[in-house]
Amino acid sequence: MISHSVRVAALVAALLAVPGLHAAEVAGVKIDERIKVGNSELVLNGAGLRSKVFIKVYVGALYVSQKASTPAALLDAGSPRRMSLRLLRDLDSDTLYGALRDGLKDNNTEAELTALKAPTEQFADIMKKIGNAKTGDTVAIDFTPDGVGVSLNGESRGKVASASFGRALLKVWLGENPVDASLKKALLGS
């Protein structure tokens, strides 16, 4: 009788010790601890809720090759990063791109924006081609040393070949004037 109880306790302990598939849950969305992007395995740096005037918009999760707690370390990383946006409401492409465009304007100088005009327009075209995104869809933005890739539900939608645009775009969430201060804090693992 005791050996059976010991075996059951050992089995339960072993199952609890196995790392879970999900690191956290935010607004009912399960967040993976690790993901694979191309040949790179990325770990969750942080995840949080983007809300606007009491409306839940999306759950954002930032994946990196090495965790960091400062915006500068994440913005200047030469390794791949992914910003994953799990939509909590339907969004048309104009609304989605408009919010990202506003975030670019709020976190980059006029000179930086002027220098990034062509890649910004290319990114706008990619976002507009996505069309309407539905509740539950995931928009993934991959930041690599050679640019920014965009996918919807795992399907590639295009790429902007500009690392400087990638840094500018990541400031939407991690810059001095982020789209959501509490989301920035969560993405930094705080």
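Aspartate 142 belongs to strand 7, residues 138–144, strands being DSSP runs of E of at least two residues and helices runs of H or I of at least four, numbered from the N terminus. Aspartate 142 is buried, at a relative accessible area of 14%, where buried means under 20%, exposed over 50% and partly exposed in between, with a 1.4 Å probe and protein chains only. Residues are numbered from 1 along each chain as its sequence is written, and side-chain values use heavy atoms, without hydrogens and water. Local features need pLDDT of at least 70 and side-chain atom pairs pLDDT 80 or more, whereas totals for chains, interfaces and linings use all residues.

Helix 3 comprises 15 residues, 93–107, and aspartate 92 caps its N-terminal end through a side-chain oxygen 3.1 Å from the backbone nitrogen of aspartate 94. Among the buried residues of helix 3 are Leu96, Tyr97, Leu100 and Leu104, and the cover over the buried residues of this helix includes strand 7 and helix 5 (117–130).

The pLDDT, the predictor's confidence in each residue from 0 to 100, averages 88 over the protein, but stays under 50 over residues 1–20. Where pLDDT is low, the predicted coordinates should not be read in detail.

Definitions and conventions. The expected span of a helix is 1.5 Å times one less than its number of residues. Contact means heavy atoms within 4.5 Å. A polar contact is a pair of N or O atoms within 3.5 Å; within protein, one must be able to donate a hydrogen and the other to accept it, and residues adjacent in sequence count only if both atoms are side-chain atoms.
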